[in-house]
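Here is a friendly walk through one protein structure. Please have a look at it before reading on.

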Amino acid sequence: MEKKKERREAMQSPECHRDTGLRDRPTGNHDQRTSSSPQIKHRMAVERSKSAASASSPESARTAHPRPSDKLNPKTINPFGEQSRAPSAFAAVYSKGGIPCRLVHGSVKHRLQWECPPENLPFDPLLITLAEGLRETKHPYTFVSKEGFRELLLVQDAPEKAVPLLPRLIPVLKAALAHSDDEVFERGLNALVQLSVVVGPSLNDHLKHLLTSLSKRLRNKKFKEPITSALQKLEQHGGSGSLIIIKAKIPTYCSICC
């Protein structure tokens, strides 16, 4: 009986009540999670809506799928570069009136109208400037340069005026013959033949500097016939001395004397 009485008193003690209260009381973390759960869900929903909106915006679309034009660097690439590019030396001289002729458009073909007779014009530096224009690839510079060069060499005293200019003319013609554009090469080849007709054997001292480009183009079947014809004319106007030079650079060349 005494033991049962002691057990009842122990159960009714304050410490026992305190332990029972601790077991029955919900924890603070649980209350905090329970009370903050709606706020967390709301915040996550807002963040998801923001991310979805940014993903659908034009800026994000360009970032995810950049357009080819986005790769252009405006500091280095200008789609209108052809208009803003500085003109060539010949184009600049022509636009300032440095070439004393103008292009006349005919119904069948074009022609040049000179401000004064070509025989009254100084070859220095006009002939060299026209030779530099042979490398042009745009109209009207292409026509003005090739036709002006040809007509200037037709004047009566052309040999006396052209021979002193050969050391300066040859590098310009060499640049035209070495140009990657086929039409530029053809204009240079025609100009070389026209020059050889005028200066004759005087061209032989400079001929070796021009034959390298002709030898390379001979590999192209398209130019085999015109180059062979040009070499024959160079030999014809340059004499036996030109044949030795041509054969040294182009061993496969067949002389007109054969």
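This is a predicted model: local features need pLDDT of at least 70, side-chain atom pairs count only at pLDDT 80 or more; totals for chains, interfaces and linings use all residues.

Residues are numbered from 1 along each chain as its sequence is written, and side-chain values use heavy atoms, leaving out hydrogens and water.

Searching the whole structure turns up 1 cavity of 30 Å³ or more. A cavity is a set of points on a 1 Å grid over the protein atoms alone where a 1.4 Å probe fits but cannot get out, and lining residues have an atom within 4 Å of a point. The largest cavity has a volume of about 40 Å³, the volume being the space filled by probe spheres set on the points. Its lining includes Ser-196, Gly-200 and Leu-234.

| Helix | Residues |
|---|---|
| H12 | 204-217 |
| H13 | 221-238 |

Next comes a helix pair. Helix H11 (residues 182-199) packs against H13 at an angle of about 15°, with the axes 9 Å apart. The two helices are therefore roughly parallel (angles under 35 degrees).

Finally, is Glu-160 buried or exposed? Glu-160, in helix H9 (residues 158-162), has 58% relative accessibility and counts as exposed (over 50%). Glu-160 and Val-199 lie 39 residues apart in sequence and 8.4 Å apart in space, C-alpha to C-alpha.

How values were computed: On a 1 Å grid over the protein atoms alone, a cavity is a set of points where a 1.4 Å probe fits but cannot get out, and a pocket is an open set with protein on both sides within 12 Å along at least five of seven lines; lining residues have an atom within 4 Å of a point. Helices (H or I, at least four residues) and strands (E, at least two) are DSSP runs, numbered from the N terminus. Buried means under 20% relative accessible area, exposed over 50%, partly exposed in between (1.4 Å probe, protein chains only). Axes are lines fitted to C-alpha atoms, for helices over the stretch in contact, and angles run from 0 to 180 degrees between N-to-C directions. Angles under 35 degrees count as roughly parallel, over 145 as roughly antiparallel, 65 to 115 as roughly perpendicular and the rest as oblique.
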